[in-house]
Every structure is written in C-alpha cells, then in structure tokens.
Amino acid sequence: MKVGLFIPCYINAVYPEVGVASYKLLKHLGVEVDYPLDQTCCGQPMANAGFENDSFNLALRMERLFQSYDYVVGPSASCVAFVKENHPHILAKGDHLCANKDKIYDICEFIHDVIRPTRLDALFPHKVSIHNSCHGVRELHLSTPSEENRPYASKLRNLLSLVKDIEIAEPKRVDECCGFGGMFAVEEPAVSVCMGHDKVMDHLSTGAEYITGADSSCLMHMEGVIRREKLPIQIIHITQILAAGL
Amino acid sequence: MSTKHAEAATRFIADRAEEKWHDETLWMVRQKRDKMSHSLPEWERLRQLASAIKLYSNSHLADLLEEFERHAVANGAIVHWAKDAAEHNAIVEQILQQHHAKVMIKSKSMLTEECGMNPYLMEKGYDIIESDLGERILQWMHTHPSHIVMPAIHIKRQAVGRMMERVLGTEPGNSDPTYLTHAVRKDMRRKFLTADVAMTGVNFAVASTGEIVVCTNEGNADMGTSFPKVHIATMGMEKIVPNLESLGIFTRLLARSGTGQPSTAYTAHYRKPMNGQEFHIIIVDNGRSEILGNPEHFRTLNCIRCGQCMNTCPVYRRSGGYSYTYFIPGPIGINLGMLRNPRAYSDNVSACTLCLSCSHVCPAKVDLGEQIYRWRQQLDVLGRANSMKKLLSRGMKCLMERPALFNTALKFAPAVNLTPRMLLYNRLNAWGVGREMPRFAKQSFNEMWKTNQIEK
C-alpha cells in the first residue's frame with residue numbers, strides 16, 4: 001500500500017507544520033508514505049469562484065503526480081472533496097477519466113476507515129472544540145450532517161477519543177459554516193466576517209482552548225478573526241493533535 | 001466590484017443587533033424543523049420518496065396534467081391554461097369581468113407574486129385583499145415578502161403596531177400581538193363576508209382525483225372561499241402529484257420542513273364547487289417547461305416552497321430577504337432567479353459559501369448548492385463575472401501551473417508578514433475588513449521536504 005501525501009497550496013505556504021504532522025502520523029501508523037514533490041493547488045478556489053476551466057490543467061497535473069500511488073491522502077477535507085466531486089467532470093471535458101476520485105481520502109477518513117487504529121500514543125491535555133467543516137461533513141461524511149435524521153457519528157470525535165487526557169466539545173450549531181467559502185470571503189466580506197465571528201464565539205462558548213478540525217482553510221479563516229479580535233482561543237489541525245508527542 | 005447582494009448585505013449587517021435577531025429567529029425555525037424531522041424515524045425515506053415522486057411527476061407532466069384536467073372538469077371545475085404571467089393575469093381579469101366583481105380576497109400565493117398579479121389588477125381598479133396576516137401587513141406597508149413562508153418575518157411588532165394605528169385606528173403605542181391580531185380579524189371579517197371573488201394558491205394538485213390542496217395556518221383560505229360565488233385557484237404546473245398516496249408523503253413533509261409543525265393547522269382539499277359557486281383552476285407554465293428541459297437545473301421543479309433552505313442558509317440569515325434582487329430570496333431564490341433571467345439576477349449568485357446545508361435540509365432533495373456552483377460556471381459566458389475574481393483566478397492559474405514559480409513565490413512570501421499594517425490593511429483588502437491576514441511560513445512544506453528537514 002503506497003500512499004501519496006497531498007499537501008494543498010495554502011498548507012504548503014501557511015501551515016507546513018500540518019504537513020509535517022500528517023507525514024509523521026501516517027508513518028507512525030506504519031503506512032508507506034511519500035510526498036510527490038512540487039505540488040501546488042487542486043484548483044478549487046478558481047472553480048468555486050466560477051472559473052472551473054482554470055482548474056483543468058491543475059486537475060490533470062494532480063492525476064500525473066499521484067499516478068503511481070494506491071491512495072492519495074491529504075489534511076484538508078475541502079480540497080479532497082473537491083478532487084472527489086469535481087475533478088471527474090472537469091477532466092471529462094478533456095476526455096480524461098479521473099483516477100484520483102476513487103483513491104483520494106481526507107487523512108481522518110483514511111486513518112479511521114482504512115488503517116482503523118485501536119490506540120494512539122498521542123497525549124494532548126487540553127479541551128478542544130471540533131470544527132465540523134461543511135465539505136468534510138456534507139461531502140465526505142466525516143460526521144453526520146445535522147440536517148439529516150441519522151444516528152450521529154463523527155470520525156473526528158472517534159479519532160480524538162484515542163488521544164490521552166483530551167477533553168472534547170462541539171459548538172452548539174454543530175456544523176454551521178464558518179463563512180470562508182474561498183473567494184466568498186472577499187466577494188461578500190461583511191457576511192463572511194459576521195459568520196466567522198459567530199462561529200468562533202460558538203466554539204469559545206464551549207470553554208475550549210483550541211478549535212480543531214480536518215480543514216485548515218476554515219481554521220485559517222477563524223484564525224484571522226481570532227487574531228483581529230484578540231480572542232482567547234487557538235486553532236490547531238487535528239493531525240497536530242493526533243501526532244502530539246510522536 | 002461587489003455584487004448588489006454583497007452591498008445590501010453590508011447594509012443589513014451594519015445594524016448588528018437587528019442581524020443577530022434575524023439570524024437567531026430563523027435558526028430557531030431550523031431547530032423546530034430538526035425536532036420534527038428527528039421525531040420521524042422514516043424521515044430520510046420520506047425525502048427519498050418525495051424526490052422520486054417529483055422527478056416522476058415532472059417527467060410525466062403532460063400526462064398527469066391532462067389526467068388532472070379530465071377529473072377536475074368532471075368534478076365541475078373550469079380549467080384554464082396560462083403559458084405565461086400575462087396570460088395568467090388576463091384570465092383572472094376576465095373572470096372578474098364576467099362576474100362584475102370589484103373585490104377579490106386571496107390567500108397567500110408566490111405564483112401571483114411571480115406573475116405581478118396584484119399590481120396589474122389594482123392598477124385597473126380592482127381591490128385585492130391579502131388575507132394571510134403577514135401578507136396583509138406587507139400590503140398595508142406597501143412592501144413585499146422577505147421570506148416565502150414567513151413573509152413579514154423581518155418586521156417587528158412595534159412597527160406593525162405603529163402602522164395599524166394609521167390604517168385601523170388601533171390604540172397608540174399598543175403592539176400586543178393578540179390585540180393587533182384581533183383588530184385585523186375584526187376588519188377582515190367584513191371583507192371575508194362581502195368579497196366578490198376568492199382566490200387561493202395551490203400547494204398540491206392531485207391528478208387521479210382532480211382536487212387541489214391548500215395548506216394554511218390561519219384558515220384564511222377556507223374562510224375566504226366560503227362566501228364568494230367564485231373561487232379561483234392558481235397553480236404552477238409542477239404542483240401536480242399523481243395520487244392521494246403520494247400526496248400523503250408531501251403533506252407529512254411540508255409543515256415539518258417549513259415551520260416545524262406536524263402539519264399545517266388547515267389542510268383544505270377542494271374537489272367540487274360548492275352549491276351555486278364557480279370553481280376555476282388556472283394551470284401556469286411561465287417558464288417551467290424551459291426549466292424542465294435544462295438538465296443541470298430541472299430539479300428546482302421538485303421544490304414544494306417550504307422555505308427551509310432560507311432558514312438553514314447562514315448567508316440568508318445574516319443578510320435578510322431584501323438583500324436578494326429576485327422576489328424569492330435564499331438558495332431556491334438564487335436558482336429560480338437565474339432560471340428566470342440570468343443576466344438580470346446574477347447578483348445573487350455570490351450569496352453562497354457552498355456549505356450545502358440547503359441541499360441536505362431540502363425535503364424534496366433539490367441540489368440547491370450544487371446548482372449554485374454550476375451557475376457560477378456560467379457567469380463568465382453571460383458576461384456577468386466579477387472582474388476582480390476573474391483576475392484572481394487567472395493569476396492563481398498562472399502561478400499554480402508553474403511549480404518553480406510557486407516555490408519561488410513561497411520563498412519570498414514571508415516578507416509580506418513584515419509589510420506595514422497601513423499598506424496591508426486598506427480598502428482594497430476585503431479580507432482585512434474583519435480578519436488578520438494569514439502569516440506565511442518561513443519555509444514551505446515542499447522546501448522542508450526537498451532539503452530533508454523532515455525525518456523520513
């Protein structure tokens with residue numbers, strides 16, 4: 001089983017430590033993992049803004065980069081969901097059959113469903129509030145969407161429960177959007193900031209010290225709000241907790 | 001370079017207390033809906049069935065509508081077909097003329113709103129009275145609905161009280177809801193008794209029986225149709241369901257989804273005209289046939305107008321119904337506006353983070369969020385793309401397709417962290433409005449990997 005680590009552009013640029021934690025974690029779990037060099041972007045920002053054609057070459061490039069791997073695993077649910085849901089029809093315009101769609105996983109999904117560890121060596125003596133991100137929940141089913149009448153299950157919560165000394169909380173509006181939405185954040189700044197603020201306050205009201213989740217993009221948005229408003233909470237990607245102490 | 005929605009939303013949010021109230025009030029309706037949907041173990045099965053029945057009905061419209069007409073005519077109704085709003089309004093006017101009618105009392109209908117019927121008839125001297133309380137308030141205030149199910153949700157009772165002092169002579173300063181409702185009821189009672197013609201919308205039309213179903217909470221449709229000699233029911237042609245068994249799926253979903261009630265207080269079935277009454281049914285196309293022929297968007301015809309996509313939409317809750325340029329706001333309104341006239345209503349397409357909550361809350365499984373994504377892909381072709389976003393997209397494409405350039409950019413990016421605040425945070429930086437900029441890492445992951453700084 002060969003896993004290609006998928007590091008999205010903004011993680012490369014802003015949160016390399018998330019990439020490092022992801023690599024360490026997978027390796028610690030005994031996975032044969034490699035990072036195909038010179039990755040850039042999956043094309044989601046352009047497509048969500050309405051310029052899907054600008055994503056074509058990037059989708060094709062990702063196909064080539066991960067050609068020889070059995071799995072593509074990335075620490076960003078939204079980017080993974082984009083590859084899964086949208087690369088196929090984008091690539092179809094150039095008569096290319098998308099291979100990544102069936103082998104790409106969000107890292108939590110991969111660890112939870114494929115590796116299925118029963119224990120982790122991580123230690124994180126803090127209270128965290130889980131950020132259930134929209135695409136992670138409603139496209140990748142990392143947790144049950146609050147809109148649906150199905151028994152509640154959360155892969156993030158299950159994984160975090162393996163961490164020693166951690167206390168886990170969730171916000172009242174359990175999977176309400178944080179307002180990032182890619183270019184939405186700059187095209188509708190008033191609504192976006194308002195949503196970001198409300199979401200951070202909801203997390204803060206749990207008494208958590210950290211907001212954690214599978215999407216660094218939502219975390220990046222909320223970090224912007226936290227730093228501007230100087231709020232007493234921090235963000236941390238879930239892989240950094242699962243790899244804590246490794 | 002922002003859209004009309006973004007500008008209107010900014011004005012709405014400027015009154016933060018008002019925005020918070022609006023957000024929380026509509027979220028409460030979403031929670032009431034959740035309580036209802038979670039009380040039915042078969043909820044997801046019902047949604048699945050509703051979606052399948054709608055897809056069946058809408059792909060067999062011609063047959064089902066003719067079956068409906070056959071039965072309705074046999075029941076004694078008079079059935080009219082209107083290809084567009086103009087034909088619809090002309091048919092209504094003609095019926096009013098035939099009966100020398102002056103006053104028409106009507107229950108709530110988004111279709112008459114869509115057809116611009118009230119202004120059309122009122123200009124010709126007819127008195128059209130809305131009998132739904134929310135709609136009546138809006139009529140007195142000369143404004144239009146901000147939500148399709150709770151049309152006056154954005155208006156506070158104090159404002160209603162002040163308005164009623166003027167139109168009904170209620171006590172100054174009294175905004176007690178019960179008091180005000182009684183005052184309206186007293187005024188309306190006379191109108192119910194003396195109106196010449198009654199009009200209702202249609203929630204469902206049953207092909208196998210030729211009956212129509214009207215759901216209200218106030219009983220105003222029932223009261224309205226009880227006295228006049230003429231009842232006109234007007235329906236979009238996608239309101240058809242095959243039979244009573246399938247109707248049951250929808251009546252179970254409608255109120256639970258719409259307002260979080262097990263059912264509407266009144267669910268009226270109209271099959272035959274009452275003794276001495278004329279019963280007209282108008283079946284309206286007004287663009288629906290074209291939607292049906294649109295493979296990317298025909299599922300919007302599944303919509304049963306419950307309005308829950310608005311309550312769940314984090315953008316709608318924080319920007320209000322009037323921030324949209326189409327008369328139907330929220331996720332379904334964004335889509336219906338684009339189907340009506342994409343060049344005219346493209347300003348609403350920005351009002352979505354693609355969170356997809358709407359698609360998951362919808363009782364008839366309209367893929368609302370996915371459709372908005374698809375509309376965005378059309379904006380450039382329509383000449384309605386935001387030029388700033390287009391530039392950003394092209395810039396990103398250029399950079400991301402060149403890994404060497406991207407890697408070099410990342411090497412220099414940390415310098416941005418040191419940019420003086422006044423250069424970084426200004427009017428041109430929409431991110432900086434309420435958020436600090438992300439800080440670039442000293443070294444990218446790619447660089448760390450390449451230089452073996454990660455223990456392998």
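**From one residue to the interface**

Modeller: B:Asn452 is exposed, with a relative accessible area of 57% (exposed means over 50%, buried under 20%, partly exposed in between, with a 1.4 Å probe and protein chains only). B:Asn452 sits in the segment after helix 23 (445-450) of chain B (helices are DSSP runs of H or I, at least four residues, and strands of E, at least two, numbered from the N terminus). Its phi is near 55 degrees, a positive value in a residue other than glycine.

This is a predicted model: local features need pLDDT of at least 70, side-chain atom pairs count only at pLDDT 80 or more, and totals for chains, interfaces and linings use all residues. Residues are numbered from 1 along each chain as its sequence is written, chains are lettered from A and ligands numbered from 1 in the order in which they are written, and side-chain values use heavy atoms, leaving out hydrogens and water.

Now set B:Arg305 beside it. Phi of B:Arg305 is also near 55 degrees. Yet B:Arg305 is buried, with a relative accessible area of 17%. Its place is the loop between helix 13 (288-292) and helix 14 (308-312) of chain B.

Next, the interface. Here 72 residues of chain A are in contact with 82 residues of chain B (contact means heavy atoms within 4.5 Å). The area buried between chain A and chain B is about 6,700 Å², and carbon and sulfur atoms give 60% of it (this is the accessible area, 1.4 Å probe, that two parts lose on being put together, summed over both). In chain A, A:Asn149, A:Glu187 and A:Arg228 lose the most area to chain B, together 11% of what that side buries.

Charges meet here too. There are ten salt bridges between chain A and chain B (a side-chain nitrogen of Lys or Arg within 4 Å of a carboxyl oxygen of Asp or Glu). A:Asp198 forms a salt bridge with B:Arg318, and the closest N and O atoms are 2.8 Å apart. On the side of chain A that touches chain B, helix 11 (residues 189-204) of chain A gives the largest share, nine residues.

Last, the inside. The largest nonpolar core has 136 residues (buried Ala, Val, Leu, Ile, Met, Phe, Trp, Tyr and Cys residues joined through side-chain atoms within 4.5 Å). A:Phe6, A:Leu26, A:Phe124 and B:Ile328 have the most contacts inside it. Helix 5 (residues 77-92) of chain A gives the most to this core, seven residues.
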